Each structure stands twice: as structure tokens, then as C-alpha cells.
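Hi there,

I'm passing along the structure we talked about, with some notes on what turned up in it. Have a look first, then read on.

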Amino acid sequence: MENPEQDSQEQQRTHILVAVTKSSKKGYPNPSKRSRAALEWILENIVRHNVDRFNLQILHVQYPNASDEEYEDGVNMLEYFEFECHKIGAAYVAWIAQGPDPKIVICNEVERLNADLLVMGTGKLGSIRRFFNRIRGESASAFCLKYAECPVITVSEKATKRHIALQELRQTSSM
């Protein structure tokens, strides 16, 4: 039997889709620095202060022909994000979607889930990566900034480090 009060609370929550990826180092199924920075930033700056108000949806995109080992690596990587959400008691759902182009899959998931906010990690690209992005097309974060049907926050690892340093400075000055 459904609980109408529980359904009402679920609808009032802000649904935040966090797009994550694993590290590009071969054989390294841990989250990328950019993905960790994005989740840490959203948890620290928005979710932690009112956990009951948010529902986190953590999405990892893999290519359709991914091997079983790559799929397992993705599942193992998602455990990191689940643990971080669990530590502060945030509601979350994590899953792997497949598609030939991650940026299109992310925008499709935003639309399908009717997400209120999309959060992605981003970083400074070196000249070689910028060159290849011009050939391949836009980065996932640049594409989603243009085409996602909700507001998009991009978080750089540098911004997260700066935020942590400011917090530590405030704590030491208040002692």
C-alpha cells in the first residue's frame, strides 16, 4: 500500500543528477578526480546542510560494448560515491547507463528523470586534449551546459581544493 505522505515528500525533494566517471588510468577502477570533486562539492555546499531536502542520482555512462570487467570496475567505482552519500545520510540512487556518446546519454537521463540540477566535474584541458576535443566535438560538460534541460553546475578539482583550504583557515582562525 502506498503512503501518500511519503510520495509528497519525494516530490518535494530536489533531484540532483551527478554524472561521474572512473579514472582514465588503465586498470584503475577508482573515481576520477573531477568526479570526486563534483560529488564532494555538492555534498559539502548544498546537501549536507539539509539532507532530507535532496535526492542524489549518481550516473556513470559506459560504452555499449564494455566488457564484463569494465562493467565490474564501474560498479566498484560507484561504491565510492554510495559510501560518501551514506556517510551523511543522503538519499541516493546509483546506476550505470550505456550509450555510444556519454554527453548525449547524460542529457537524455536529465530529461527522463526530470532532474532539477545536473552536477559534473570539469577540468583544465591541456593543449593536446583541446585539439582532440575540436576534432571529436565538445567535452561532455560543455555539451551539457548548452543542451541539458536543467541548470548545470560544473565543479573543478581546483575549486574544491580552494574551498577546503578556506574552511581549514576559518577553523584555525576561530580557535
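Which residues does Ile-42 touch, not counting residues up to four places away in sequence? They are Ile-16, Val-18, Val-47, Leu-117 and Val-119, where contact means heavy atoms within 4.5 Å.

Before more detail, please note that this is a predicted model, in which local features need pLDDT of at least 70, side-chain atom pairs count only at pLDDT 80 or more, and totals for chains, interfaces and linings use all residues. Residues are numbered from 1 along each chain as its sequence is written, and side-chain values use heavy atoms, leaving out hydrogens and water.

Ile-42 sits in helix α2, residues 33–47 (helices are DSSP runs of H or I, at least four residues; strands are runs of E, at least two; both are numbered from the N terminus). Its relative accessibility is 0%, so Ile-42 counts as buried (under 20% relative accessible area, with a 1.4 Å probe and protein chains only). Val-119 lies 77 residues from Ile-42 along the chain, yet their C-alpha atoms are separated by 7.7 Å.

Ile-42 and Val-119 are also among the residues with the most contacts inside the largest nonpolar core, which has 22 residues (a core is a set of buried Ala, Val, Leu, Ile, Met, Phe, Trp, Tyr and Cys residues joined through side-chain atoms within 4.5 Å). At least two residues of this core come from each of β1 (14–20), α2, β2 (54–62), α3 (68–88) and β4 (117–122). A second, separate core of 18 residues includes Leu-17, Trp-95, Ala-97 and Cys-144.

Best wishes

Key. Buried < 20%, exposed > 50% of the residue type's maximum accessible area, 1.4 Å probe, protein only.
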